[in-house]
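Let's ask where a few of them come from.

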Amino acid sequence: MLMQRVLTALVLLPLLLALVWFAPTPWLYLALSAIGLVMAWEWTAFMGWAAKPALRAVYLVLTALVL
């Protein structure tokens, strides 16, 4: 499991750095917001809300409004 996370980080880190250095600001904001929503989706699964789709949807909508 740890090896998979390390390999994923090694692949995604150069992409993130390229995005930060070369992407226009609106594209960077859009990409980071999408990453934040994916993180919120994973967090709801960790919290055990995957079985409660309505609660999960409300949390994701509120997160999107904040981002």
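Q: Why is Tyr59 called partly exposed?
A: In this predicted model, Tyr59 has 28% relative accessibility. Buried means under 20% and exposed means over 50%, so a value of 28% counts as partly exposed.

Q: What makes Trp49 and Tyr59 an aromatic pair?
A: Their ring centres are 5.5 Å apart, and the cut-off for a pair is within 6.5 Å, so they pair. The structure holds one aromatic pair.

Q: Why is that pair called edge-to-face?
A: The planes of Trp49 and Tyr59 are 80 degrees apart. Planes over 60 degrees apart count as edge-to-face, so that's the label the pair gets.

Q: Where in the chain do the two partners, Trp49 and Tyr59, sit?
A: Trp49 is in the loop between α2 and α3 (53-66), while Tyr59 belongs to helix α3. They are ten residues apart, and the pair links distant parts of the chain.

Q: How do you know that the charged end of Arg56 sits over the ring of Trp41?
A: That charged end is 3.6 Å from the ring centre of Trp41.

Q: Is Phe46 buried or exposed, and what makes it so?
A: Phe46, which has its place in helix α2, has 62% relative accessibility. The mark for exposed is over 50%, so Phe46 counts as exposed. Phe46 and Leu19 are 27 residues apart in sequence, and their C-alpha atoms are 28 Å apart in space.

Q: What secondary structure does the protein have?
A: Three helices and zero strands. Read from the N terminus, the order is α-α-α.

Q: How does the radius of gyration of the protein compare with that of a compact globule?
A: The protein has 15 Å, whereas a compact globule of 67 residues would have one near 11 Å. The C-alpha atoms fill a box of roughly 40 × 35 × 10 Å along the principal axes. As for burial, 12% of the 67 residues are buried.

Q: What lines the largest pocket?
A: The pocket holds about 490 Å³ of space. It has 13 lining residues, and the closest to its centre are Thr8, Leu12, Ile35, Val38 and Met39. Helix α1 gives the largest share of the lining, eight residues. By class, the lining has ten nonpolar, one polar and two charged residues.

Notes
Residues are numbered from 1 along each chain as its sequence is written. This is a predicted model: local features need pLDDT of at least 70, side-chain atom pairs count only at pLDDT 80 or more; totals for chains, interfaces and linings use all residues. Side-chain values use heavy atoms; hydrogens and water are left out. On a 1 Å grid over the protein atoms alone, a cavity is a set of points where a 1.4 Å probe fits but cannot get out, and a pocket is an open set with protein on both sides within 12 Å along at least five of seven lines; lining residues have an atom within 4 Å of a point. Grid points are joined across faces, edges and corners, and a volume is the space filled by probe spheres set on the points. Helices (H or I, at least four residues) and strands (E, at least two) are DSSP runs, numbered from the N terminus. Ala, Val, Leu, Ile, Met, Phe, Trp, Tyr, Cys and Pro count as nonpolar, Asp, Glu, Lys and Arg as charged, and the others, Gly among them, as polar. Rings of Phe, Tyr and Trp (its six-membered ring) pair if their centres lie within 6.5 Å; planes under 30 degrees apart count as stacked, over 60 as edge-to-face and the rest as tilted. Buried means under 20% relative accessible area, exposed over 50%, partly exposed in between (1.4 Å probe, protein chains only). A charge sits over a ring if NZ of Lys or CZ of Arg is within 6 Å of the ring centre and within 35 degrees of the ring normal. The radius of gyration is taken over C-alpha atoms; the globule rule is 2.2 Å times the number of residues to the power 0.38.
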